[in-house]
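I would ask you to look at the sequence and the structure together as I speak.

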Amino acid sequence: MLTLAALIACAAAAHAGSPDGLSIAAVGNASGAPYTGAIKQFVADHKAHKVADCNKYMLNVANVYFTNLPPQLTGDLAVAAVNDKTKRKRLGKLLTRFRDATIEHGFDAALAYEVKDGKVRLYGISGDPDDKVLVSSLTLDEAQDQKKFNVAVCKAVAALFVLTAP
């Protein structure tokens, strides 16, 4: 009986997902905008199987989207959602409820990025507002090294879950 209740609870909390891996919306605020190219390079390296160091996690990313996102899904909202539960709930709804011709089940998460206190900060934010935000950072000098940047992105997204499609 307890197992059944747990399964029902998990099913009720699920909103989005792809059996092929995570669908991620990548958004940076104004300070993070210069690093969009490095995020895109991470995606290209991942697709070419050049991202090897994800610590103990297996990277399961199907797609990372930079464009054709909901207009309300901004880098400022995503970065604010890191520390604001109300904004995280709003972000979660935007992510998981979004649909278009290429995204049938919404996004599983957002990869938000900014520059703060002399570091590039990367946040893996699940579409489930109750999940912990994953944080990875590197110095501005380290961010110039694409391999180090890839490892930092990996740390921000590798432990995110694919949310089950409704």
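Helices, of at least four residues, and strands, of at least two, are taken here as DSSP runs and numbered from the N terminus. On that basis the protein has 5 helices and 5 strands. Read along the sequence, their pattern is α-β-α-β-α-α-β-β-β-α. Please keep in mind that this is a predicted model.

The mean pLDDT of the protein is 85, and 81% of the residues reach 70 or more. Where is confidence lowest, and where is it highest? The lowest mean, 34, belongs to helix α1, residues 2–13, whereas β4 has the highest, at 98. Over residues 1–17 the pLDDT stays under 50, and the model has 22 contacts beyond four places in sequence for this stretch. Where pLDDT is low, the predicted coordinates should not be read in detail.

I turn now to the interior. Of the 166 residues in the protein, 46% are buried. In soluble globular proteins, nonpolar side chains tend to be buried together. Here the largest nonpolar core has 27 residues, and I39, L111, L122, F149 and V157 are those with the most contacts inside it. Which elements give two or more residues to this core? They are β1 (22–28), α2 (36–47), β2 (61–65), β3 (109–116), β4 (119–126), β5 (134–139) and α5 (146–157). The largest share, 6 residues, comes from α5.

Next, the strands. β4 and β5 run antiparallel and are joined by 6 bridges. Within this pairing, G124 stands opposite L134 in β5. In a regular strand the side chains alternate between the two faces of the sheet.

What of the charged side chains? Side chains of opposite charge can pair when their charged atoms come close. How many salt bridges does the structure hold? It holds 2. One joins K85 and D130, whose closest N and O atoms are 3.2 Å apart. K85 lies in helix α4, residues 85–97, and D130 in the loop between β4 and β5, so this pair ties together parts that are 45 residues apart in sequence. K85 is partly exposed, at a relative accessible area of 36%, and D130 is exposed, at 61%. The other salt bridge is between R121 and D117, at 3.8 Å from N to O.

With 66% relative accessibility, D117 counts as exposed. N68 likewise has a positive phi, near 55°, and is not a glycine. N68 lies in the loop between β2 and α3 (75–81) and is exposed, at 62% relative accessibility.

Finally, the surface: the protein exposes about 9,000 Å², and carbon and sulfur atoms supply 54% of that area. Thank you for your attention.

Conventions
Residues are numbered from 1 along each chain as its sequence is written. This is a predicted model: local features need pLDDT of at least 70, side-chain atom pairs count only at pLDDT 80 or more; totals for chains, interfaces and linings use all residues. Side-chain values use heavy atoms; hydrogens and water are left out. A nonpolar core is a set of buried Ala, Val, Leu, Ile, Met, Phe, Trp, Tyr and Cys residues joined through side-chain atoms within 4.5 Å. Buried means under 20% relative accessible area, exposed over 50%, partly exposed in between (1.4 Å probe, protein chains only). Accessible areas come from the Shrake-Rupley method with a 1.4 Å probe; for residues, only the protein chains shown count as cover. Two strands pair if DSSP finds at least two bridges between them. A salt bridge is a side-chain nitrogen of Lys or Arg within 4 Å of a carboxyl oxygen of Asp or Glu. pLDDT is the predictor's confidence in each residue, from 0 to 100. Contact means heavy atoms within 4.5 Å.
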